[in-house]
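Visitor: I am new to reading protein models. Could you walk me through this one, step by step?

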Amino acid sequence: MAKGHRSQIKKERNIATQEKRPHATAKYVGIPATKAKIVLDQIKGKDVVTAAAMLNYSPRYASEIIAKVLKSAMANAENNLGMDVSKLYVEEVSADQGPTMKRIRPRAQGRAYRILKRSCHISIILNER
């Protein structure tokens with residue numbers, strides 16, 4: 001038999017499996033995952049100051065959203081985990097596909113073309129050097 005109440009056992013298990021690295025996630029972002037991955041691959045492995053500068057001067061629309069997620073992850077590291085921001089680097093990045101909105105575009109002779117408005121979930125995980 002396990003010791004303690006079921007809720008206490010679940011709480012301890014959740015604390016044990018909780019992520020120790022600072023991270024941030026943006027869900028249901030209105031850009032395709034493929035376009036977000038292009039920008040994310042550029043900042044992977046860089047320190048956060050360099051990554052923020054690259055995102056600031058990138059001409060792509062996805063860089064604005066990813067910059068917000070990176071800024072949030074940096075704030076989480078500083079405020080929640082007490083890490084030094086100058087020692088942080090981008091360890092893992094991912095852009096997973098979210099739900100797709102299906103729209104109809106009227107075309108000639110009564111036809112209709114399908115428009116797929118894709119979305120994604122962007123997550124960034126930082127770590128200290």
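What follows is a set of questions and answers about this structure.

Visitor: What kind of model is this, and how are its residues numbered?
Guide: This is a predicted model, in which local features need pLDDT of at least 70 and side-chain atom pairs count only at pLDDT 80 or more, while totals for chains, interfaces and linings use all residues. Side-chain values use heavy atoms, with hydrogens and water left out, and residues are numbered from 1 along each chain as its sequence is written.

Visitor: How far apart are the end C-alpha atoms of helix 4?
Guide: Helices (H or I, at least four residues) and strands (E, at least two) are DSSP runs, numbered from the N terminus. The expected span of a helix is 1.5 Å times one less than its number of residues. Helix 4 covers residues 62-79, so its 18 residues should span 26 Å. The model agrees, as the end C-alpha atoms are separated by 26 Å.

Visitor: Which residues does Leu40 contact beyond its neighbours within four places in sequence?
Guide: Contact means heavy atoms within 4.5 Å. With those sequence neighbours left aside, the partners of Leu40 are Ile66, Val93, Ser94, Ala95, Ile122 and Ile124.

Visitor: Is Val39 buried or exposed?
Guide: Val39 belongs to helix 2. Beyond four places in sequence, Val39 is in contact with Leu55, Arg60, Ala62, Ser63 and Ile66. Its relative accessible area is 0%, so Val39 is buried.

Visitor: How far apart in space are Ile43 and Ile66?
Guide: Ile43 is another residue of helix 2, and its relative accessible area of 1% makes it buried. Among its contacts beyond four places in sequence are Leu55, Ile66 and Ile124. Ile43 and Ile66 are 23 residues apart in sequence, while C-alpha to C-alpha they are 9.9 Å apart.

Visitor: Is Lys71 buried or exposed?
Guide: Lys71 is placed in helix 4, and its C-alpha atom is 11 Å from that of Val90, 19 residues away along the chain. Its relative accessible area is 63%, so Lys71 is exposed.

Visitor: Which backbone oxygen lies 2.6 Å from a polar atom of the Ser119 side chain?
Guide: Ser119 is in the loop between strand 4 (112-117) and strand 5, and it is buried at 9% relative accessible area. Beyond four places in sequence, Ser119 touches Tyr28, Val29, Ile31, Gln97, Gly98 and Pro99. The oxygen in question belongs to Pro99.

Visitor: With which side chain does Ser86 make a polar contact?
Guide: A polar contact is a pair of N or O atoms within 3.5 Å; within protein, one must be able to donate a hydrogen and the other to accept it, and residues adjacent in sequence count only if both atoms are side-chain atoms. Ser86 lies in the loop between helix 4 and strand 2, and is exposed with 57% relative accessibility. At 2.8 Å, its side-chain partner is Asp84.

Visitor: What is phi of Tyr28 near?
Guide: Most residues other than glycine have a negative phi. Tyr28, in strand 1, has a positive value although it is a residue other than glycine. Its phi is near 55 degrees.

Visitor: Where is the charged end of Arg129?
Guide: A charge sits over a ring if NZ of Lys or CZ of Arg is within 6 Å of the ring centre and within 35 degrees of the ring normal. The charged end of Arg129 is 4.3 Å from the centre of the ring it sits over, and that ring belongs to Tyr89.

Note on methods. Buried < 20%, exposed > 50% of the residue type's maximum accessible area, 1.4 Å probe, protein only.
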